[in-house]
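This briefing covers the fold, the surface and the aromatic pairs of one protein. Please look at the sequence and the model before reading on.

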Amino acid sequence: MNTIQRSDQMKIGDLVSIRQKYRSNMLNSYIGIIVDSIEDGHGYFNFNIVLDNNVKPEWYSDYEIEVINEDS
């Protein structure tokens with residue numbers, strides 16, 4: 001059973017993967033690095049991620065991504 005990573009465990013520099021159900025057919029890659037984060041007024045986190053095939057970071061909600069390797 002997959003468990004969702006809590007956003008308080010995700011941080012800038014972490015290597016992440018876009019979860020299967022949130023992947024777009026337009027993306028060639030689903031692996032990226034968190035470069036920025038923001039918490040909205042409801043306590044949900046969004047992360048700005050640079051995917052390995054894209055120069056422009058994209059925003060993803062915490063439930064759309066999972067940590068592959070944490071930056072220590």
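The model is a predicted one.

**Fold and surface**

- Read from the N terminus, the elements follow the order β-β-β-β-β.
- Of the contacts between residues at least 6 apart in sequence, 39% join residues at least 24 apart.
- The protein has 72 residues, and 29% of them are buried.

**Aromatic pairs: count and the tyrosine pair**

- Rings pair if their centres lie within 6.5 Å, and the count comes to 2 aromatic pairs.
- Tyr22 and Tyr63 have ring centres 5.5 Å apart and planes at 65°, so this pair is edge-to-face, the cut-off for that class being over 60 degrees.
- Tyr22 sits in the loop between strand E1 (15-18) and strand E2 (31-39), and Tyr63 in the loop between strand E4 (58-61) and strand E5 (65-69), so the pair ties together parts 41 residues apart in sequence.
- Tyr22 is partly exposed at 28% relative accessible area, and Tyr63 is partly exposed at 38%.

**Aromatic pairs: the phenylalanine pair**

- Phe45 and Phe47 form a stacked pair, with 6.3 Å from centre to centre and 20° between the planes.
- Phe45 is partly exposed, with a relative accessibility of 24%, whereas Phe47 is buried at 1%.
- The cut-off that applies to these two residues is 20% relative accessible area, under which a residue counts as buried.

Technical notes:
Residues numbered from 1 in each chain as written. Predicted model: local features only at pLDDT ≥ 70, side-chain atom pairs only at ≥ 80, totals over all residues. Heavy atoms only, no water. Phe/Tyr/Trp six-rings, centres within 6.5 Å; stacked < 30°, edge-to-face > 60°. Helix = DSSP H or I, 4+ residues; strand = E, 2+ residues; numbered from the N terminus. Buried < 20%, exposed > 50% of the residue type's maximum accessible area, 1.4 Å probe, protein only. Contact = heavy atoms within 4.5 Å.
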